[in-house]
Amino acid sequence: MHESGGMPPVFDDLAELFGPRSVVLVGASDRPGSLGRRTLDNLTVHGEFRGELHLVNPAHREIEGRPCWPSVLDLPPQAAPTVAVIVVPAPAVLEAVGHCAARGVRFAIVLSAGFGEEGEHGLALEAEMRRVARAAGMRIYGPNCPGIVNVKERIGLTFSPAFREDLRPGPIAVATQGGALGRNLLQGGERGCGYVAWASSGNEADLQLADFIHHFARQPDVRGVLALVEGVKDGPRFAAAALAATRGGRGLGLLKIGRSTYGARAAVSHTASITGEADINSAVFAQLGIAEVDDVDELVDLGA
């Protein structure tokens, strides 16, 4: 794990991210199968989001009977989205983030890929995205991620076509850096494991896995947290989040991806994470009271 010095980590309140009152979907679409359409359907058809929903796409004036605006800046004056879900091509993301920041959006969930996982240019885009957001007090979730599944409240801030099948409620929260394996955990509902929510952090341009573990550790309806880790960018921050869970009476189970040399390369190519030394990580996990497992099945068994 990598370490950073300085003051003890400070964690923002993420309640509005997981349960927003108002959402703007940037890149909403009427094209079947598109990411923008799947995200829209998860919010309006397959889920039970009851807040305000605003749609943005300059190519449409309305989608499914809902008004659609050219940009976030064009939303009606009374609109006050707290969360933006951004699902536009990578070259358009930075402008969308800037518009969200200017409009006072608190959290931007960037589902789009094409950033740090593709090299230096993508990392530079992430850095600029982070700079723009921080200047406005906005937090970035992602990019290159599947979004958020709030199982308890049946809110799908995600493009996952499986969202409608992943809604077995229960006391377990899931925090992952990889989307595909995270979805495998939600399939654990077939084995009696029920969930509160799933957060998958993607490239972690801003918010990290630790932020979600810490958030879940503070929720009264969470009994335990299951985590899939590719790499830890900030050791002290991760440790503080883990201790918030384990000392707070929530079990924390963890599967570390990329223990082998091949696995490490795969993790880097997927979300631009750095895996670290397996034996050192395992020793630290044990000291933090984390139950480390060897495969996804074992992780699901911890939550069942």
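**Strands, loops and cysteines**

Me: How many bridges join strand β13 (residues 251-256) to β14?
Reply: This is a predicted model, in which local features need pLDDT of at least 70 and side-chain atom pairs count only at pLDDT 80 or more, while totals for chains, interfaces and linings use all residues. Residues are numbered from 1 along each chain as its sequence is written, and side-chain values use heavy atoms, with hydrogens and water left out. Strands (E, at least two residues) and helices (H or I, at least four) are DSSP runs numbered from the N terminus, and two strands pair if DSSP finds at least two bridges between them. β13 and β14 run parallel, with Leu254 opposite Glu292 in β14, and the number of bridges joining the two strands is three.

Me: Which strands are the edges of the open sheet?
Reply: The open sheet has seven strands with mixed pairing, in the order β9-β8-β11-β10-β12-β13-β14. An edge strand pairs on one side only, and this applies to β9 (155-158) and β14 (291-293).

Me: Which residue is the bridge partner of Ala175 in β12?
Reply: Strand β10 (residues 169-176) is joined by six bridges to strand β11 (residues 195-200), running parallel, and there Ala175 stands opposite Ala199. β10 also pairs in the parallel sense with strand β12 (residues 224-229), over five bridges. In β12, the partner of Ala175 is Ala227.

Me: How many of the ten residues of α2 are buried?
Reply: Buried means under 20% relative accessible area, exposed means over 50%, and partly exposed lies in between (1.4 Å probe, protein chains only). The buried residues of α2, among them Gly36 and Leu43, pack against β1 (22-26), β2, β3 (62-63), β5 (83-86) and β9, where contact means heavy atoms within 4.5 Å. The helix is mostly covered, and the number of its residues that are buried is seven.

Me: Is Glu64 buried or exposed?
Reply: Glu64 lies in the loop between β3 and β4 (66-69), and its phi is positive, about 50°, although it is not a glycine. Because its relative accessibility is 56%, Glu64 counts as exposed.

Me: Is Asn144 buried or exposed?
Reply: Asn144 lies in the loop between β7 and β8, and this residue other than glycine has a positive phi near 60°. Pro143 is in the loop between β7 (139-141) and β8 (147-150) too, and the peptide bond from Gly142 to Pro143 is cis, with omega near -5°. Because its relative accessibility is 18%, Asn144 counts as buried.

Me: How many disulfides does the count come to?
Reply: A disulfide is a pair of cysteine sulfur atoms within 2.5 Å. Cys100 is in no such pair, because the closest cysteine sulfur, in Cys68, is 14 Å away, too far for a bond. Cys145 is in no disulfide either, since the nearest cysteine sulfur, that of Cys100, is 14 Å away. By this rule, the count of disulfides is zero.
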